[in-house]
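Good morning, and thank you for coming.

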Amino acid sequence: MEQSQPNVGLFIPCYVDQFYPQVGKATLEILEKLNCKVSYPLDQTCCGQPLANSGYERETKESCQQFLNSFLKFDYIVAPTGSCVHHIKERYSKILNAPELQPSLNSKIFELTEFLHDILKVELQGTFRHKIGYHASCHALRGLRLSKSSEVNTAPFDKVKSLFEKVEGLEWSQLQRSDECCGFGGTFSVKEEAISLSMGKDRLADHHEAGTEILTATDMSCLMHLKGLADKKQSTLPIMHLAEIINQIIS
Amino acid sequence: MSSRQEILEKIQQLRLDQTELPTIPEFKNPINTEEEFKASIEANKGEVISQEKLMSWISESGFQKILNFSQLINLNTTYARIDDAHELDQLQVAIIDGQFGVGENGAIWITNEQVPFRAIPFITEHLVIVLPKNEIVPTMHQAYIKTSSQSYSFGLFIAGPSKTADIEQSLVIGAHGAKSLRVVLV
Amino acid sequence: MSHSKASTDFLRNTEHAKWHDETLWMIREKRDLASQKVPEWENLRTLASSIKEHVLSNLDQLLLEFEANATKNGIQVHWAKDAQEHNQIVLDILKKQSCAQVVKSKSILTEECHLNPFLEKNGIEVIDTDLGERIVQFLHQPPSHIVLPAIHLKKRDISELFHQKLQTEKGNEDPYYLTQAARTHLREKFLKAKVAITGVNFGIAETGEFVVCTNEGNADMGVHLADVHIACMGIEKLIPRRNDLGVFLRLLARSATGQAITNYTSHFRGPEKGKQIHLILVDNGRTEQLGREKFRNSLKCIRCGACMNTCPIYRRSGGFSYQSTVPGPIGSILSPGLDLKKYSSLPFASTLCGSCTDVCPVKINIHEQLYEWRQEITKANPNHAEILSMKLASGIFKSPLAYRISGILMRKLIKNLPDSLIYNPWNVWGKGRKLPETPQESFRNWYLNHRNNEQ
């Protein structure tokens, strides 16, 4: 076992590092509990997505290179985010005009639950007695294809939820709109503030009607937006990143 | 330079690499085409009725202005033959033959062979299409294979009566064309 | 007006905005059900996309083939390099027929070319015959959706409008009653019209025929009663083979409204005896778009409108907020190609959620093109303030040290300032949302204290 211990580089998105350190901790602890050798490169910065999505992809070449310098040496790069992982996986080789990078990006970088499902092939055992509202973050859903989107007519699959199949007491909320966007969208949330708020409120209402006790997602950015809206309305909606739930189950 | 030449040259100057044109599989689905067809017509707000029911509907309705172009059913109609489609504005019932139907969507193929004027299936208040029940294909793919050697000048798939939902998405049957479609399978 | 300002206005009427969102979502759900009934749905999307890929890669040859076959069938083919030439060709045909009133069925191309105002300026009355289009025409509005032109209106608006224009009973909002009033009004126009204009859904190179799809039957009522049919077709509407129609017609109506097929699908191969068909092939910026590698496949669009119905932004901002002929996600990748400055806010009116791409029956990578247009727009329309802040951010992110310092500053700043003073863009954030609570230490600091020294 010791010999096959995967050597994992932990990538913690900038806003998670600053605002949600507990999500970083949970991710680290999960990977350690699952027998990975985990390192957090101290010279990591931001993946560059906020700039790129704002139309300044060309300004991110150096931060892309910085990321690769920090991480390419690992067997795997794992992060508690679908969005940043999608950006790195889908766009870095184009931004750096280096198609030769693509195979290593494809085989190395994973969103946390995707890594647990595809590489570690984990089946979580334990108890979590709550009705969970799962918000399917768009970049994890339609970008990384962690589950089948509602638009596409292929055989259903859900890598995230399948991890929890054996977990006792856990129930998923049945939503009216199973995978509508929360309206965060990075700078969209401030550029198109009115629509962003309207979309977020509609997601919250859907979860409220479905009886969601805890709202979760692969991405803290969606949860930050939804939680911010809920708090403003003084409605209590506990949020937990998937990493926090998983870490609690396997403790 | 003509615009034709200008447009064509603009395209040619791009020197795009020609991509392959895919072959279309037949997609033969194991479905009961007649049942599927009936369900499709009903979903399109048409009706599939028997010949007897057609006859009783016509006699009970008291329609005066009826034109029968069908070769498949006998019904003498007294409405004068016309030489201009505009004269059909008051036409109450047109009966025409369909060549074949499509199970998946209820579409019925008609060409200029079936009608002396193209306007007939549209301008009539009620439309009746007579269709041989063994002439139903499963999908649009078979429909186009079946008609590939036809040399019509006008071809039409009719799948239901004229309809609209442009007022608050409320479905209304009878927009500009026929207010009803009855299909008689023979 | 930017998209964000227009959408803010739209959302002020919360009740109407909710209705708009829910109605279009209902159509998206109908589309889901209809598409799920076709086991080979995903195969059809792939096929349709590859067929259109071939068309775009071989457009000149297919246009010539189409022209030759259509001409052989007795269709008179015209070529227009831009909107102005298209409109002039239409006017010349109308003048030759001494026609002062023309009926027209739905054609997004004629909207794009602004044909109606042009003809009206030249003394010709244009009567839009699609019910939704007639309604918006009465109101001097453009359509707000390419398939559902009057989706922004409620029946009480239409009832009031028809009371004024068609003398219907005041207050009668029954859709059947209102539709019958329009039927009577338009029947008279159909019977009088000498010339009818339609759009084209598909042109088939192999046979030279073209296909027009409607549910109301208005296109057919127009052209079969008129002496002259003018069909306006964008050059990208071509498909190579007649059999390809099987693929596209199975996708089109299911994607558009959730119907298995439109109730009328008319195939025009030649004119009726003693009549004429004119077909105008229009470029109007399409060859430029064809030359833009990243945006080329936007020309695959078959105008089903599914991307509008699924788009959470379109549903909550309405078609007019885009201020372009084709609104919604597909409009936001087509319109910047026509006028980059005018439509510069459209590619930003998206969260890049990707629903449009997954719903698209011809698999246009719409959300990726929105991303690519953003890159073009920031190059072409330099917004200095934004560049400065982006450069600043880029300077921060590429230097780990600077990044760390700025992170510490950010946390301190947010912690110590009242919400109202927090700097942009967080102050916009803060109007409708609370900021996250700031933790005692970043993950990095925690890691340094708890893990790093173990190594």
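Predicted model: local features only at pLDDT ≥ 70, side-chain atom pairs only at ≥ 80, totals over all residues.

Residues are numbered from 1 along each chain as its sequence is written, chains are lettered from A and ligands numbered from 1 in the order in which they are written, and side-chain values use heavy atoms, with hydrogens and water left out.

Between chain A and chain C, 71 residues of chain A are in contact with 78 residues of chain C (heavy atoms within 4.5 Å). The two chains bury about 6500 Å² between them, 58% of it on carbon and sulfur atoms; buried area is the accessible area (1.4 Å probe) that two parts lose on being put together, summed over both. On the side of chain A, Gln18(A), Phe19(A) and Asn153(A) lose the most area to chain C, together 11% of what that side buries.

There are 9 salt bridges between these chains (a side-chain nitrogen of Lys or Arg within 4 Å of a carboxyl oxygen of Asp or Glu). In one salt bridge, Arg451(C) meets Glu32(A) at 2.8 Å, N to O.

Turning to chain A itself, the domain assignment, which is automatic or from a database, gives domain 1 (2-118) and domain 2 (126-249). Their C-alpha centres lie 22 Å apart. These domains bury about 2100 Å² between them, and 1 salt bridge is found across their interface. Lys159(A) and Asp118(A) form a salt bridge, with the closest N and O atoms 3.0 Å apart.
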